[in-house]
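Subject: Structure handover

Hi,

Here is the structure for your set. Please load it and keep it open while you read.

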Amino acid sequence: MNRLHRARSPYLLAHAQDPVDWYPFGEEAFQKAKAEGKPIFLSVGYSSCHWCHVMHRESFQDEEVAALLNAHFVPVKVDREELPDVDAAYMRALVSLTGQGGWPMSLFLTPEGKPFFGGTYFPKEDRGGLPGFKRVLLAVARAWQEEREALEREAERLSQALWRSLNPPPGPIPPGVEERALEALARAFDPEWGGFLPAPKFPQGPLLLYLLARAWQGEEAPRRMLERTLTAMALGGVYDQLGGGFHRYAVDRRWRVPHFEKMLYDNALLARVYLGAYRVLRKPLFLRVARETLDWLLSMQGREGGFFTALDAESEEEEGRYYTWTEEELQEALGEDFPLARRYFALGEDLPGRSVLTAWGEEEVRKALEGGFEAWREGVRRRLLQARRRRMPPALDDKVLADWSALAVRALAEAGRLLKEERYLEAARKGAHFLLLRMRQGGLLRHVWREGHLGEEAYVADQAFAALALLELYAATAEWPYLEEARRLAEAGLALLGEGRLPLPAKALEEGAIPSGESALAEALVRLGGIFGAEYYEKAQALLEREAHFLARHPEALPGFLLAHRLLQEGSELAVPLPSPFLREAQALYLPLTQLVLGPAGALPALEGKEPGLLYPCRRGACRLPTDRLEEALKALKAP
């Protein structure tokens with residue numbers, strides 16, 4: 001047993017019995033490295049990462065590899081989801097060293113924590129063009145003994161270069177930044193299968209939400225990209241056709257064969273994307289996928305209200321085993337429905353002897369069944385789910401992360417508001433109360449909770465995502481405590497900006513899978529500005545200007561900041577003084593660039609001088625003439 005037996009993270013606990021003398025990331029490990037003059041071996045992964053499990057079985061449970069690690073290094077193990085700042089800092093260093101990144105992340109550091117060599121997955125022995133991990137360990141140990149000063153100079157040079165490149169001075173947002181982003185996306189767009197080339201293809205929830213806002217405003221190019229991508233994803237194997245929810249990404253351009261882990265953040269973002277896209281594009285498929293994904297989110301909510309982090313990619317030590325099928329298994333489960341189901345699922349051998357289920361045959365089978373398709377599909381889905389539940393399920397990572405849980409709360413609150421479904425709204429309330437009552441300490445939401453134990457770390461993203469979730473709950477319920485808590489958390493997020501504890505800058509330069517805490521905070525501040533006044537707009541503007549350098553270079557990589565920028569430039573408010581006969585109708589509107597302002601007349605700055613019974617479309621507090629017609633107010637809000 002090593003020092004990880006005291007950890008909270010299921011990922012770290014899985015390594016607690018390794019023969020490797022693992023340390024958690026922290027001062028104890030760095031002090032040992034300095035005292036003994038050894039380099040640190042930093043291994044970063046997460047519980048649902050397939051190749052992390054492979055390297056665990058091949059190397060970290062192997063006595064020979066463990067002896068090398070223990071003799072020549074101080075081994076440190078990190079759960080990237082538990083310490084996202086550590087992950088971001090060292091992933092940027094790895095990309096600088098090798099030109100690519102990924103997990104497991106394997107880095108060699110000086111005793112001061114500065115990297116000098118690294119990679120991702122290493123097999124135990126040389127294989128498939130990859131150097132074996134044993135050979136890598138021996139070579140690095142020899143180099144450290146013989147060339148330590150040169151390695152330390154290289155590590156210092158890399159560290160200084162990262163600080164310079166990742167901390168440019170703030171400046172004005174470049175003109176035309178959003179159009180240049182759209183041009184870059186158009187060049188990368190796959191017109192046949194949607195998404196952005198090359199493969200592997202990731203869902204990119206923040207980017208899809210940005211395209212959705214532009215499609216809502218009537219722009220044709222974002223609308224076309226969005227519809228093609230969402231349709232292909234919904235019918236592909238990246239979507240769990242039986243249990244709902246999306247896998248992490250697809251290895252091919254057709255979205256057919258996924259890596260099978262299911263992440264809370266992907267599905268919270270994609271539930272919002274599909275529900276909003278249904279409102280904009282009116283495609284019934286999108287509503288069905290939204291509902292099934294929302295229901296998957298409900299399945300990840302613990303009894304106390306927090307949302308669990310992820311489901312593993314593998315079961316029975318085989319990736320995708322739980323989700324894939326042989327023809328014999330399908331025939332046994334479906335009987336006489338199998339021939340039609342075979343066409344519906346478009347079976348093919350995607351893994352050795354097994355098929356990933358798609359819905360590529362939906363149109364063909366829908367035509368064959370005429371009016372009975374939905375009932376047939378639901379019956380097939382129910383029987384296959386029953387059969388699947390008899391298998392060994394993937395492992396659940398049952399830690400609760402404040403930022404990811406907040407994404408789920410926001411998705412469910414928005415769904416409860418738009419669909420007028422109380423079960424989604426109740427789940428959102430329960431999740432919000434868990435965040436505020438169980439995960440807040442000293443005025444800050446702490447990042448990690450598991451089995452009653454709360455971690456100490458608190459990040460901007462925890463405060464910002466929760467502020468947005470509570471603003472959505474306020475819009476869905478008109479209950480003021482949510483608004484006040486959102487304001488407090490946004491202020492807490494501002495206070496955390498710039499805090500750091502690492503020898504490298506902890507900054508990610510893209511928002512592929514999840515928005516950054518800073519862009520989410522900018523969005524929250526703009527929304528609060530529509531309620532409380534101009535000081536919040538100024539704070540949001542300052543946040544955006546901190547990213548001006550990166551927005552100028554690669555705007556398409558920062559869709560969360562682009563969305564916050566668009567909201568600041570073109571966003572609006574719909575003030576509904578209460579009591580109002582329009583409350584429920586206004587709450588059911590899909591308004592991605594509009595903040596609902598609800599409350600008794602005069603009770604908030606944005607409600608000063610406004611009469612109950614009327615609707616007030618406003619921009620930055622300047623309101624047009626009030627109206628008693630919802631369609632007229634909506635038209636005013638969408639107008640540029």
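First, the ground rules. This is a predicted model, where local features need pLDDT of at least 70 and side-chain atom pairs count only at pLDDT 80 or more, while totals for chains, interfaces and linings use all residues. Residues are numbered from 1 along each chain as its sequence is written, and side-chain values use heavy atoms, with hydrogens and water left out.

Disulfides

A disulfide here is a pair of cysteine sulfur atoms within 2.5 Å. That rule gives 2 disulfides. Cys49 bonds to Cys52, with an S to S distance of 2.3 Å. The torsion about that S-S bond is about 80 degrees, so the Cys49 and Cys52 disulfide is right-handed. For exposure, buried means under 20% relative accessible area, exposed means over 50%, and partly exposed lies in between (1.4 Å probe, protein chains only). Cys49 is buried at 4%. Cys52 is buried too, at 3%.

The other link is Cys618 to Cys623, with sulfur atoms 2.0 Å apart. Its S-S torsion is 95 degrees, and the link of Cys618 and Cys623 is right-handed. Cys618 is buried at 5% relative accessible area, whereas Cys623 is partly exposed at 31%. With the bonded cysteines numbered in sequence order, the pairing reads 1-2, 3-4.

Aromatic rings

Rings of Phe, Tyr and Trp (its six-membered ring) pair if their centres lie within 6.5 Å; planes under 30 degrees apart are stacked, over 60 edge-to-face, and the rest tilted. The structure has 29 such pairs. Take Phe73 and Phe108: the centres are 5.3 Å apart and the planes meet at 55 degrees, so the pair is tilted. Phe73 is in the loop between helix 4 (63-72) and strand 3 (74-79), and Phe108 is in strand 4 (residues 105-109), so the pair ties together parts 35 residues apart in sequence. Helices (H or I, at least four residues) and strands (E, at least two) are DSSP runs, numbered from the N terminus. Both Phe73 and Phe108 are buried.

Tyr322 and Tyr323 have ring centres 5.1 Å apart and planes at 90 degrees, so that pair is edge-to-face. Tyr322 is buried at 12% relative accessible area. Tyr323 is buried at 7%.

Ring pairs also build a cluster; among its members are Trp22, Phe41, Phe60, Phe73 and Phe108.

Two lysines sit over rings. The test is NZ of Lys or CZ of Arg within 6 Å of the ring centre and within 35 degrees of the ring normal. The charged end of Lys539 is over Tyr536, 5.2 Å from the ring centre. Lys610 is over the face of Tyr616, at 5.6 Å.

Helix 10

Helix 10 (residues 264-281) has 18 residues. Of the 18 residues, 17 are buried, so helix 10 is largely enclosed by the rest of the structure. Arg282 follows helix 10, and its phi is positive, near 60 degrees.

Strand pairs

Two strands pair if DSSP finds at least two bridges between them. Strand 9 (residues 308-311) runs antiparallel to strand 12 (residues 396-401), with 3 bridges. Leu311 has Leu396 of strand 12 as its bridge partner. Strand 12 also pairs with strand 15 (residues 448-450), antiparallel, over 2 bridges. There, Leu401 stands opposite Val448.

Best regards

Technical notes: Expected span 1.5 Å × (residues − 1).
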